Amino acid sequence: MYVGRFVVVGPGIGAYRISSRSFPNRRIVERDGTLTVAPTPKAPETDNPYVSYNCVRESEGRAVLGNGSHVDPVTEKLDLGYPARDALATALLSLDYEKDDYDTPRIAGVVADDAATVGIVRRDALVVERVDEPTLVATYEEDRPRPFEFAAADAAAAAREAYDLDFEHAVCAAGVAVDGGVETAVVNGD
């Protein structure tokens, strides 16, 4: 099944994976503590604004994960003291779903050591939920948050597990673990 981009978030653990049919020539790179989706050297040039973006950022011992430019304002709202629910809802509502050929939803999560919050904005809804167990939400097919079996206990295992999940067209993945600080890891398919 093709679900597009997805996040899995739970207290202390999270992952983000790019699955893509249209733009598979991407990877995740670390830049000054931020994980950024970027084209590979072999990628054709594009002016598509949804191809490159920050997908993981840290905010005061929490990790923000997501599939687009909304990761930055979620992080900024957290830095200003907003609760995770409000930071996600404000950024997702203001940026709305992506205005591409597929009305691609924006998905995001905030992972703290003892809590997690997940959100999605689709053409027909905005959903933001605090979750107590690993929860998945994706841009297609799985576009409602649902509990999801996810066994990873550290960032490297989270990135690997997300990359290896049986959803079609895996491109790259990032994992985060939060326990007093934020640990990140990346698996690139290139």
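In this tour, contact means heavy atoms within 4.5 Å. The model shown is predicted.

**The sheet**

Begin by selecting strands β3 to β9. These 7 strands form an open sheet with antiparallel pairing, in the order β3-β4-β5-β6-β7-β8-β9. Next, colour β3 (26-31) and β9 (125-131), which stand at the edges of the sheet. Each has a single partner strand, so one side of each is left without a neighbour in the sheet. Looking across the sheet, one finds a twist that averages 15° from one strand to the next.

**Strands β8 and β9**

Now select residues 116-122, which make up strand β8. This strand runs antiparallel to β9, and 7 bridges join the two. To view one of these pairs, display Gly119 together with Val128, its bridge partner in β9.

**The two helices**

Proceed to residues 71-79, helix α1, which packs on the sheet. Helix α1 touches β5 (53-59), β6 (62-66) and β7 (106-111), and its direction makes about 15° with that of β5. Then select residues 84-95, helix α2, which lies across β7, β8 and β9. Relative to β8, helix α2 runs at about 15°.

**Gly61**

Finally, centre the view on Gly61, in the loop between β5 and β6. Is this residue buried, partly exposed or exposed? With a relative accessible area of 23%, Gly61 is partly exposed, because the partly exposed class lies between under 20% for buried and over 50% for exposed. Show Val178 and Val182 as well: Gly61 is in contact with both, leaving aside its neighbours within four places in sequence.

How values were computed:
Residues numbered from 1 in each chain as written. Predicted model: local features only at pLDDT ≥ 70, side-chain atom pairs only at ≥ 80, totals over all residues. Heavy atoms only, no water. Pairing = 2+ DSSP bridges. Helix = DSSP H or I, 4+ residues; strand = E, 2+ residues; numbered from the N terminus. Axes fitted to C-alpha atoms, helices over the stretch in contact; angles between N-to-C directions. Buried < 20%, exposed > 50% of the residue type's maximum accessible area, 1.4 Å probe, protein only.
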